[in-house]
Amino acid sequence: MSDQPLEDKLAHPCFPQPQDRSVKVWRYIDLPKLIWLLEKRKLYLSRLDLLGDSHEGSTPGLNVQARNEFFSKHVPSIVDKMPEINRQLRTSVYVSCWCLGNDESEAMWRLYCPDSRGVAIQLTYESLVDSIAHEPFLHIGCVRYIDYEKDWFPEGNAYYPVMHKRIAFSHEREIRLATSFMENYHSGTQPAGISVDWDIEKHIEALCVDPYAPDWYQEVVVAVTQKFAPNLKQRILRSRMRADPRY
């Protein structure tokens, strides 16, 4: 978790890169989050333990078994403390989650915009990498999906648990930005989220309007964008899923 040149960070073993960096990435958000993004021009990262999945940052069974055997031999006093130590470490990691793929995901619209009032931010993976190049401690890569009852991941880096998820979530095809922030860690007052400067007009290629939203909703998105980031107005698109069926 150190300050590294960009290419060194992209070679980090915890953060595998897609084969094609020109592939699109998407972030599905609701209207209040879009307004915050456009006004603040910052990318928000959520604390790992507050994402709503208690398994975030957890450890596969085989790792736990190997860890307990090792510490039982060398530092037995710490065996019973390890679960709470690892659970608490999640409060020091902050992430931004994106979906990889050249096409929209109906599942992501349903999951992250359940009230049909959403927008999908779309750019390329390469552009997303470039957009955070100025942040020396912010990493980016593909989440790996494994069976936590049968599989394992390497030890020795606190980002391995962050960049692995249960195989049931593989439909998310998640790209994850992650960083460590421990300024208030020992006082127990870690913030719910942190943010980094983000050049929205340089990097956002399209703002895709929710396919399930009523027609007037696109006018709202246009008005909000015109107010806070007028240069993005021409990049507002209606979802391709909105197209009329042919019979």
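1. Buried means under 20% relative accessible area. E56 has a relative accessibility of 4%, so E56 counts as buried. The model is a predicted one.

2. Where does E56 lie? Its place is the loop between β2 (42–47) and α3 (61–74). Setting aside residues up to four places away in sequence, E56 touches L48, L51, R90, K165 and R176.

3. E56 also belongs to the lining of the largest cavity, together with D53, H55, H164, K165 and R166. The lining holds no nonpolar residues, two polar ones and four charged ones.

4. How many cavities of 30 Å³ or more are there? The count comes to one. The volume of the largest cavity is about 40 Å³. On the approach: rolling a probe the size of a water molecule over the atoms shows where empty space is left.

5. S116 is another loop residue to check. S116 sits between α5 (106–112) and β4 (118–124). Is S116 buried or exposed? S116 counts as buried, because its relative accessibility is 17% and the cut-off for buried is under 20%. Not counting residues up to four places away in sequence, the contacts of S116 are D210, Y212, A213 and P214.

6. On the cysteines: the structure has zero disulfides. C14 is in none, and the nearest cysteine sulfur, in C142, is 13 Å away. C14 is buried, at a relative accessible area of 1%.

7. A disulfide needs the two sulfur atoms within 2.5 Å. C113 is buried, with a relative accessible area of 3%.

8. Now the overall build. The protein has nine helices and 11 strands. Its C-alpha atoms fill a box of roughly 65 × 45 × 30 Å along the principal axes. The radius of gyration is 20 Å; for 247 residues a compact globule would come near 18 Å, so the two agree.

9. Of the 247 residues, 45% are buried. E56, S116, C14 and C113 are among the buried residues. Take contacts between residues at least 6 apart in sequence: 81% of these join residues at least 24 apart.

Terms used. Residues numbered from 1 in each chain as written. Predicted model: local features only at pLDDT ≥ 70, side-chain atom pairs only at ≥ 80, totals over all residues. Heavy atoms only, no water. Helix = DSSP H or I, 4+ residues; strand = E, 2+ residues; numbered from the N terminus. Buried < 20%, exposed > 50% of the residue type's maximum accessible area, 1.4 Å probe, protein only. Contact = heavy atoms within 4.5 Å. 1 Å grid on protein atoms, 1.4 Å probe; cavity = no way out; pocket = protein on both sides within 12 Å on 5 of 7 lines; lining within 4 Å. Points joined across faces, edges and corners; volume = space filled by probe spheres on them. Nonpolar A, V, L, I, M, F, W, Y, C, P; charged D, E, K, R; others polar. Rg over C-alpha atoms; globule rule 2.2 N^0.38 Å.
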